[in-house]
Amino acid sequence: MKCIYCREDTKVTNSRLQKTRNQVWRRRHCQQCGADFTTLEKPDFLTALTVTHKKYYTPFSRDKLFLSVYESVKHRKTALSDATALTDTIVGKLYPLIQSGSLTQDQIVTIASEALHHFDKAAASHYNAYHPIK
Ligand SMILES: [Zn+2]
């Protein structure tokens, strides 16, 4: 990978598998300008994972999930970081449920609802009002 500051080649100086999130964290160093930065390798769910809802299939969108979580926690001062962490947690919990590259809408809503309930009951109520489980 090229340096994000000077576009020269970089070397990996540290690498860790994050098992619960099924992603690889790498620290990179640029020998040209001395910059260090981090990269994450993770599955591209948008192209690999579909969501089934009744008879319809849509690509899984982490952004869509993030927005629904953010809407539910936006009464909090730390809404942005809370929604980011919660979305990571939800995606991590969804990962073992994937079958043949697909999840159901109800699985996503159930897991998101549980994660929000543990975190903030008001957020869970807000989420459930907009995402009823059928
Ligand atoms: Zn550089």
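This is a predicted model: local features need pLDDT of at least 70, side-chain atom pairs count only at pLDDT 80 or more; totals for chains, interfaces and linings use all residues.
**Entry 1: H2 on its own**

I started with H2, residues 62–73. Its twelve residues reach 16 Å from the first C-alpha to the last. That is close to the 16 Å expected at 1.5 Å a residue.

Next I asked which residues of H2 are buried. I found Leu65, Ser68, Val69, Ser72 and Val73. Looking down the axis of H2, I saw that these buried residues fall within an arc of 130 degrees, so they line one face of the helix.

I then looked for what covers them. The cover includes helix H3 (79–94), helix H4 (105–119) and helix H5 (121–130).

**Entry 2: H2 against H3**

I took the angle and the axis distance for this pair, since two packed helices are described by those two values. H2 and H3 pack at about 130 degrees, and their axes are 9 Å apart. That angle makes H2 oblique to H3. I noted the crossing as right-handed.

I listed the contacts from each side. H2 brings Arg62, Leu65, Phe66, Val69, Tyr70 and Val73. H3 meets them with Ala79, Asp82, Ala83, Leu86, Thr87, Ile90 and Val91.

**Entry 3: H4 on its own**

The buried residues in H4 are Ile108, Ala112, Ala115 and Leu116. They cover an arc of only 95 degrees around the axis, which puts them on the same side of H4.

**Entry 4: H3 against H4**

Here the axes come within 10 Å and cross at roughly 135 degrees. H3 and H4 are therefore oblique to each other. H3 passes H4 in a right-handed crossing.

I wrote down both sides of the contact. From H3 come Leu86, Thr89, Ile90, Lys93 and Leu94. From H4 come Gln107, Ile108, Ile111, Ala112, Ala115, Leu116 and Phe119. Among these H4 residues, Ile108, Ala112, Ala115 and Leu116 are buried.

I went back to H3 with both contact lists. Leu86 and Ile90 meet H2, and Leu86 and Ile90 also take part in the contact with H4.

Methods:
Residues are numbered from 1 along each chain as its sequence is written. Helices (H or I, at least four residues) and strands (E, at least two) are DSSP runs, numbered from the N terminus. The expected span of a helix is 1.5 Å times one less than its number of residues. A residue is buried if 20 or more other C-beta atoms lie within 10 Å of its own, exposed if 12 or fewer, and partly exposed in between; C-beta atoms are placed from the backbone. The arc is that of the directions from the helix axis to the C-beta atoms. Two residues are in contact if their C-beta atoms, placed from the backbone, lie within 7 Å. Axes are lines fitted to C-alpha atoms, for helices over the stretch in contact, and angles run from 0 to 180 degrees between N-to-C directions. Angles under 35 degrees count as roughly parallel, over 145 as roughly antiparallel, 65 to 115 as roughly perpendicular and the rest as oblique. A crossing is left-handed if the near helix is turned anticlockwise from the far one by less than a right angle, and right-handed if clockwise.
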